[in-house]
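Subject: Structure handover

Hello,

Here is the structure for your work. My notes on it follow below the files.

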Amino acid sequence: QVLWDQYTSTVETQRKLASGALDEFVNNYARRLAQHGGDTAKTSLEAGLVDQLLNRVQTNEYLVELVGASDEDGRYEAVAFDHYVSRKRPLSISGQGKTRVAVITAQGDMLPGEQPAGTIGGDSLAQLIRDTAGQDDVGAIVLRINSGGGSLFASEIIRQQLLNTRAAGTPVVVSMGAMAASGGYYIAVEADEVWATPSTITVSIGVFAAFPTFEQLLQRMGIYTDGVGTTDLAGSLRPDRPLNPQLVEALNSGVNHAYRSFLQIVAEGRNMTLEEVSALAEGRVWSAPDALAAGLLDGLGGLEQAIGAAAARANLLDYEVDYVEMPLSPQELLLQQLAEHVGSMGNWNRSTLGAGLSRLLRPISEATAEIAGLQDP
């Protein structure tokens, strides 16, 4: 309800609608839609949710008039998004003489070891934090978390590195994105300050383990397994057999231990008692405003506010913001050089690499598809 109230309030304010107008629209949507013969666009226009109904040609003409320029094909002049981002927020601005606040992004599921962009590797993120904190011109670190959690082992590796970074004198501030729950919150509590946007989903202090088996499906097909083992637990992790009761007991013991450790870590990180944390835990998900009221966060705000808090922690008045990324692997370096050599992919980054290579290889793939479609031997 907190998030819905935020959403409706924002929409009503931006669209200059009366308070409660969006609730009324949703709750009477079927009737409103029927009044316009099932036309969802006209229904939205009548409700004030959109300003105009334009097709693509009309939209282009409107944008040409708005920006005051068009290209040789008559399309409105625009800057490609990737090009804009590369100029607006450069990947590295080191060497300009100012102390830096380094922003490191932790995005995706948490997995052990080294992981590529789009996931959080326990070893790779810890190494990036360690290397960044070790640079002389880095005064503070902002860890931007957008993750629903994952591996407890990976989370612990990252948490330990954050502890070491703070112990070495580098302030760490966490900025939460859309979600920082479970393992995402597990690492966040070790920061000097934890910030979240008003719409962030967070906390979820809980641990679980799951192991799927399909022995009943095999039995329905008349397939059974048997064998010999050296111990009572031999073969217990085979998915074609039911879970061994000893294994279930062991898994439960491990989960309970991990849960108690999670509670203790949150209690120490947030200066709370175990009883206070336990009352907020059990896997419950919290909205950011409620989490702040419960003492699980330090403030509500976006990335800029978190950067400001980190700079204040480091006593920085004049500083640069540096968005740090994982160093490129040899394979990625090769692909980058290929892209730059061809010159047809514009400003390169990880997000555009796949699309750029697809455009580069499109003539070959189209020719291959055409040849494959020939039926005459």
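How many helices and strands does the protein chain have? There are 16 helices and 10 strands in the protein chain. Please keep in mind that this is a predicted model.

Confidence and overall figures

The average pLDDT of the protein chain is 86, and 85% of the residues score at least 70. Residues 91-95 have a pLDDT below 50. In the model this stretch has 10 contacts beyond near neighbours in sequence. The protein chain holds 377 residues, and buried residues make up 33% of them. Of the contacts in the protein chain with a separation of 6 or more, 62% are between residues 24 or more positions apart.

Nonpolar cores

The largest nonpolar core contains 43 residues. Leu143, Met176 and Ile205 have the most contacts inside this core. Helix α11 (residues 245-269) supplies the largest share of the core, five residues. There is also a second, separate core of 14 residues, with Val142, Leu303, Ala310 and Leu316 among them.

As for Met176 itself, leaving out residues up to four places away in sequence, its contacts include Arg144, Ile145, Tyr185, Val194 and Trp195. Thr197, Thr200, Thr202 and Leu297 are also among the residues that Met176 touches.

Helices α7 and α8

At what angle do helix α7 and helix α8 pack? The angle between α7 (residues 122-133) and α8 (residues 152-167) is about 10°, and their axes are 8 Å apart. Angles under 35 degrees count as roughly parallel, and α7 and α8 are therefore roughly parallel to each other. On the α7 side, the contact is made by Gly122, Asp123, Leu125, Ala126, Ile129, Arg130 and Ala133. On the α8 side, Ala154, Ile157, Ile158, Gln161, Leu162 and Thr165 take part. Sorted by class, the contact of α7 with α8 has eight nonpolar, three polar and two charged residues.

Proline 171

Proline 171 sits in the loop between α8 and β5 (172-181). Is proline 171 buried or exposed? Its relative accessibility is 10%, so proline 171 counts as buried; the cut-off for buried is under 20%. Not counting residues up to four places away in sequence, proline 171 touches Gly139, Ala140, Ile141, Asp192, Arg313 and Ala314. Proline 171 and glycine 139 are 32 residues apart in sequence, and their C-alpha atoms are 7.5 Å apart in space.

Regards

Conventions: Residues numbered from 1 in each chain as written. Predicted model: local features only at pLDDT ≥ 70, side-chain atom pairs only at ≥ 80, totals over all residues. Heavy atoms only, no water. Axes fitted to C-alpha atoms, helices over the stretch in contact; angles between N-to-C directions. Helix = DSSP H or I, 4+ residues; strand = E, 2+ residues; numbered from the N terminus. Parallel < 35°, antiparallel > 145°, perpendicular 65-115°, else oblique. Contact = heavy atoms within 4.5 Å. Nonpolar A, V, L, I, M, F, W, Y, C, P; charged D, E, K, R; others polar. Core = buried A, V, L, I, M, F, W, Y, C linked by side-chain atoms within 4.5 Å. Buried < 20%, exposed > 50% of the residue type's maximum accessible area, 1.4 Å probe, protein only. pLDDT = per-residue confidence, 0-100.
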